[in-house]
Amino acid sequence: MLTKLLHYEFRATGRIVLPIAAGVLVLNVLAAVLGYFIQNTADSMPLAGVAMALLTFAAYISRLVFFVICYFVEVRQFYRLLGDSGYLMLALPVQPWKHIATKVICGTVWTLFGALFVSLCAAISALSYNAAEFSPVNPGDFWFCALLLLILVVCIAGALLHMYLACAFAAQFTQQRLLISIAAYFVIGFAGQMAALVAVAIFAFRGYKYFNSVDLTATAASLGSDNIVFLILLAVLVLVVLVDALLWALTQWFMTKRLNLA
Amino acid sequence: MDAVYEVHGLTKRYGRSAALNGVDFAVMPGRLVGLLGPNGSGKTTLLKISAGLLQPTAGSVLINQTPVGVYTKAITSYLPDRMALPTEFTAGDAVSLYNDFFADFDKAKALAMLSDLGINSRDKIDAMSKGTQEKMQLCLTMSRAAKLYLLDEPLGGVDPAARDYILSTILHNYSEDAALVLSTHLIGDIEKVLDEVILLQEGKVLRQAAVDELREETGESVDAYFREVYKC
């Protein structure tokens, strides 16, 4: 069922994202090609220079807007799931966690796609792509890069889950859901920051005695600085995954125990 | 024979006001039941809870002796009181979606019904008129061989000709051993086809009775009885 949900989700969102991507690509290619020919023409064709500047600016803005669309397309889908489209989708014989998983996977994929696509458009605009500028990954750094990529993915998923939780909370109310979603987003963020602050303070005060007796220089020397960075990144990954799991659990609780379609 | 649809002490509160207040009834298989009541009597709330779209404050709903969940959604065909199909879909996409998720969905039947309505698989849903969208949603709902059909206001907001089409679609497509619960306040149009009525008032069951029994007892039509009971 998860595969089927993903199929329909990508189909529905692809119909929004891909045509816009095509438009952004055309605009950026046009800006790059015209920019290549219209250079240093301020004396002979002053208006062409102004038009070119505007076109380049539009290409920049289009990339920014496209990335925002890639991120928010799935937030919009989730918001609609708890509204009119939920009358069909939530009546399907599917467990609620599969709906959340679909939105998280699809949203993360579109956000990554948006980032890669915007980078491609930027490279095209500059007309300066040179494969030599991209150094291949050193085989020794493979796990390091994989870990960084994994952290990026769970951070995107976490950012989406933060928004989904705000939407799920707002769905408890019969009116002004959009406003409540926005307010809830900031309240949840603030509560998360306060909780993190308290956790760090407790960790610092409780761990002070322990860490005070550890010789960090000797430990770094014995483990190797690369390994220490790897372990720290691993700890960051675990922490972000835990936060994601908490956001997911709360969203699922709202969708199962407090479901209230308007 | 066991009831296919049972509601026990169902209560739903929104703050201090109760949309449903201790509703109890049971529906046997093969019955076509009208869920009647004025606006705000709790019909939609009851059907939404039964379809798993709303959590009750208290009480329970059993469909085929099972509490509302994934299994009951697989055997219940629910028609909401609004357009729920994704408007970015084509008619073909909507048929595929039903076919992929509901094991009891009859794709050939759905396509034939859509064809009768002049809907092509490639037609986009957002390009259809509101009436056509509603009819299409009904066709998809009735193309399932479900054990229980829950239809929320299928006759609301449509012209009399469309009402006839909707009624005939309902009557010709629900399986004999299934139960069908249909909420409406347009009783005159459906009275002749109902086996039973459940009258709701202010979130409570005012009465559950067979239509013939009610007519004999009161000496008037269900429509006339409804007007008398809910007189403002």
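A: A crossing is right-handed if the near helix is turned clockwise from the far one by less than a right angle, and left-handed if anticlockwise. By that rule, α5(A) and α6(A) cross in a right-handed way. This is a predicted model, where local features need pLDDT of at least 70 and side-chain atom pairs pLDDT 80 or more, while totals for chains, interfaces and linings use all residues. Residues count from 1 along each chain as written, chains are lettered from A and ligands numbered from 1 in written order, and side-chain values use heavy atoms, without hydrogens or water.

Stay with that pair. Helix α5 of chain A covers residues 142-170, and helix α6 of chain A covers residues 177-212. (Helices are DSSP runs of H or I, at least four residues, numbered from the N terminus.) Their axes come within 8 Å and cross at roughly 130 degrees. (Axes are fitted to C-alpha atoms over the stretch in contact; angles run from 0 to 180 degrees between N-to-C directions.) The two helices are therefore oblique to each other. (Under 35 degrees is roughly parallel, over 145 roughly antiparallel, 65 to 115 roughly perpendicular, the rest oblique.)

Which residues of α5(A) and α6(A) meet? From α5(A) come His162(A), Met163(A), Leu165(A), Ala166(A), Cys167(A), Phe169(A) and Ala170(A). They touch Arg177(A), Ile180(A), Ser181(A), Ala184(A), Tyr185(A), Ile188(A) and Gly189(A) of α6(A). (Contact means heavy atoms within 4.5 Å.) By class, this contact has 10 nonpolar, three polar and one charged residues. (Ala, Val, Leu, Ile, Met, Phe, Trp, Tyr, Cys and Pro are nonpolar; Asp, Glu, Lys and Arg charged; the others, Gly among them, polar.)

Next, α4 (residues 96-126) and α8 (residues 225-257) of chain A. Their axes come within 9 Å, crossing at roughly 130 degrees. α4(A) and α8(A) are therefore oblique too. Their crossing is right-handed. On the α4(A) side, the contact includes Pro96(A), Trp97(A) and His99(A). On the α8(A) side, it includes Trp248(A), Thr251(A) and Met255(A). The residues of this contact divide into seven nonpolar, four polar and no charged.

Chain B has a pair as well: α4 (residues 107-116) and α5 (residues 130-142). These axes lie 9 Å apart, at an angle of about 155 degrees. α4(B) and α5(B) are therefore roughly antiparallel. The crossing is right-handed. Lys109(B), Ala110(B), Met113(B) and Leu114(B) face Met136(B), Cys139(B), Leu140(B) and Met142(B) in contact.

Now the chain contact. In all, 28 residues of chain A contact 27 residues of chain B. The area buried between them is about 2600 Å², with carbon and sulfur atoms giving 62%. (Buried area is the accessible area, 1.4 Å probe, that two parts lose on being put together, summed over both.) On the chain A side, Tyr8(A), Tyr87(A) and Leu88(A) lose the most area, together 28% of what that side buries.

Salt bridges come last. (One is a side-chain nitrogen of Lys or Arg within 4 Å of a carboxyl oxygen of Asp or Glu.) Four of them link chain A and chain B. Arg80(A) pairs with Glu88(B) at 3.5 Å, N to O. Arg11(A) and Asp93(B) form a salt bridge at 2.6 Å, N to O. Arg11(A) sits in α1 (residues 2-37) of chain A and Asp93(B) in α3 (residues 91-101) of chain B, so this pair joins two chains.
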